[in-house]
Structure formats: structure tokens, C-alpha cells
Amino acid sequence: MVRWGMVIDLQRCISCYACVVACKQEHFLPPGVFWNRLVVSETGKYPTVTKIAYPVLCNHCEDAICVKVCPAGATVKREDGIVSIDYDACVGCRYCVVACPYQQRTYNANTPAEYFPGQGLTEFEVIGQKLYPLQKGTALKCNFCLERIDEGLKKGLQPGVDREASPACVITCPAKARYFGNLDDPNSEVSRLIKEKKASQFHPEFGTNPSVYYISR
């Protein structure tokens with residue numbers, strides 16, 4: 001069996017936002033929509049202050065609440081563990097946006113969105129509408145770059161090992177803080193890291209069994 005998952009090493013993350021930008025470029029996300037985010041905070045008291053960055057994205061939960069609440073069956077969990085959205089089936093009710101305990105979903109409003117309002121679409125936005133059209137009035141979220149994974153597998157590539165078959169945020173990270181692979185394979189790199197580094201899930205008390213793990217400081 002395969003269950004795709006990600007491990008993020010918080011000790012390696014340098015808060016460069018490369019993952020955030022790579023994700024927006026990969027999916028041509030409109031203004032205000034982020035599938036990858038950095039939650040940044042500080043601890044301590046001046047002058048001994050420490051900055052803390054926490055990269056967050058859809059956790060592709062094994063027991064995904066968003067799948068349960070979707071009245072149209074638009075949100076589904078694939079056999080490989082990826083939680084995806086069928087935009088043609090999504091009715092834009094936003095139940096999933098409210099239900100996600102990690103607040104990782106965004107409603108793609110019907111109103112036109114330009115990066116530079118009143119100046120028309122940029123060349124990047126025009127290309128995005130052709131290559132990766134996002135339907136307005138639907139819910140959006142990270143999909144682990146499933147297009148790259150599926151195409152890579154067809155070519156015999158290995159997600160998490162071969163760049164062409166791995167999520168954009170993983171291959172872009174200059175600090176190599178992100179790892180991707182099969183959580184069900186005890187010999188995969190992600191499984192080894194979770195075991196050896198005692199990686200943990202974000203808010204495990206929610207009981208959803210996320211597929212994203214963190215190596216803490």
C-alpha cells in the first residue's frame with residue numbers, strides 16, 4: 001500500500017518563503033490564496049528573542065473531516081491518501097472550509113481577482129488560466145502536487161526521490177527541510193525520519209491522523 005506523506009524539519013527551515021512562492025507558481029494561485037503558508041511568531045524577551053516559523057499546508061488526514069462533511073462528494077480521499085477536490089462536483093457550500101480544523105482551505109470567490117487591480121491580467125495570470133484553470137465558486141487547497149505525482153509514476157519515477165515526481169515545495173526548499181515519500185513503507189526516508197527524529201503531527205488531539213509530520217526544534 002502507498003500513503004503519501006511529508007516530513008518538515010523545523011530545525012532546517014530558514015523562513016525564506018520559497019515553498020510558498022513555488023506553490024503559487026505551480027498552481028497559478030490567485031491573489032490572497034495560499035496552499036502553503038508560514039506561521040511566524042517570536043518567543044523570549046528582547047534582546048534574547050527567537051523567531052519561530054511553522055510551515056503549514058493541508059495535512060491530507062487519514063480520517064479527513066472535510067471528506068465527511070462534503071454534501072456533494074466533491075472532496076475525496078484517494079487510495080494513496082491524497083485528499084483531493086473534484087471542482088466540477090464542488091457546489092461551493094464551504095462546509096469543508098469551516099470544518100477543516102487546520103484552516104487549510106480557501107473559498108475561491110466568484111469576484112474577479114487581479115494581482116494589479118484595474119490593470120488587467122499579467123502574462124502569468126493569462127497563462128495560468130490556460131494551463132491550470134481554477135474554478136471560481138469552489139473550495140481550494142493543497143493537493144500534494146498530485147499532477148506531478150501521477151505523471152511521474154506513469155514514467156516510472158519515484159515521488160520524493162525524483163524531482164519531476166515530487167511536490168514543488170519539496171524540490172524548491174533550498175534548506176532541504178522537506179521530505180516526501182510513502183508513510184506505509186517502513187524503509188522509506190519519511191518513515192525513517194519520523195521514527196529516528198520522533199517527528200510529530202500538528203494537533204494530534206484532533207484525531208484526524210495527518211500525513212504531514214514535523215521534526216521540532
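**Close-up views of a predicted model**

View 1. Gly 92 is placed in the loop that runs between strand 5 and helix 3 (95-99). The structure shown here and in the following views is a predicted model. Gly 92 counts as buried because its relative accessibility is 13%, under the limit of 20%. Leaving aside residues up to four places away in sequence, Gly 92 touches Tyr 107 and Gly 137. The C-alpha atom of Gly 92 is separated by 9.9 Å from that of Cys 70, the two residues being 22 residues apart along the chain.

**View 2. The largest nonpolar core.** This core comprises 46 residues, of which Met 6, Trp 35, Leu 57 and Phe 144 touch the most other members. Among the elements that give two or more residues to this core are strand 1 (4-9), strand 3 (48-57), strand 5 (83-85), strand 7 (138-140) and strand 10 (212-215). Helix 1 (18-27), helix 5 (146-154) and helix 6 (168-172) likewise give two or more residues each.

**View 3. Contacts of Leu 57.** With residues up to four places away in sequence not counted, Leu 57 touches Met 6, Ile 8, Trp 35, Cys 142, Phe 144, Val 212 and Tyr 214, among others. The residues touched by Leu 57 also include Asn 36, Gln 104 and Arg 178.

**View 4. A nonpolar surface patch.** Tyr 17, Val 21 and Val 40 together form a nonpolar patch on the surface, with about 240 Å² of accessible area. Tyr 17 belongs to the loop between strand 1 and helix 1. With a relative accessible area of 35%, Tyr 17 is partly exposed.

View 5. Within helix 7 (residues 189-196), the residues Val 190, Ser 191, Leu 193 and Ile 194 are buried. These four residues lie on the same side of helix 7, because they cover an arc of only 165° around the axis. In an α-helix, residues three or four places apart point the same way, because there are 3.6 residues a turn. Strand 1, strand 8 (178-182) and strand 10 are included in what covers the buried residues of helix 7. Lys 195 and Glu 196, on the other side of helix 7, are exposed. Just after helix 7, Lys 198 adopts a positive phi of about 55°.

**View 6. Salt bridge between Arg 12 and Asp 9.** The structure holds nine salt bridges, one of which joins Arg 12 to Asp 9 with the closest N and O atoms 3.9 Å apart. Asp 9 is buried, with a relative accessible area of 9%, whereas Arg 12 counts as partly exposed at 40% relative accessibility.

**View 7. Further salt bridges.** A salt bridge links the side chains of Asp 63 and Lys 68 (3.0 Å, N to O). Of this pair, Asp 63 is partly exposed, with a relative accessible area of 33%, and Lys 68 is exposed, with a relative accessible area of 58%. The side chains of Glu 164 and Lys 155 also meet in a salt bridge (2.4 Å, N to O). Glu 164 counts as partly exposed at 44% relative accessibility, while Lys 155 counts as exposed at 54%.

Methods:
Residues numbered from 1 in each chain as written. Predicted model: local features only at pLDDT ≥ 70, side-chain atom pairs only at ≥ 80, totals over all residues. Heavy atoms only, no water. Core = buried A, V, L, I, M, F, W, Y, C linked by side-chain atoms within 4.5 Å. Buried < 20%, exposed > 50% of the residue type's maximum accessible area, 1.4 Å probe, protein only. Contact = heavy atoms within 4.5 Å. Patch = residues over 30% accessible without salt bridge, like charges linked within 9 Å, V, L, I, M, F, W, Y side chains within 5 Å. Areas by Shrake-Rupley, 256 points an atom, 1.4 Å probe, with all protein chains shown as cover. Salt bridge = Lys/Arg side-chain N within 4 Å of Asp/Glu carboxyl O. Arc of directions from axis to C-beta.
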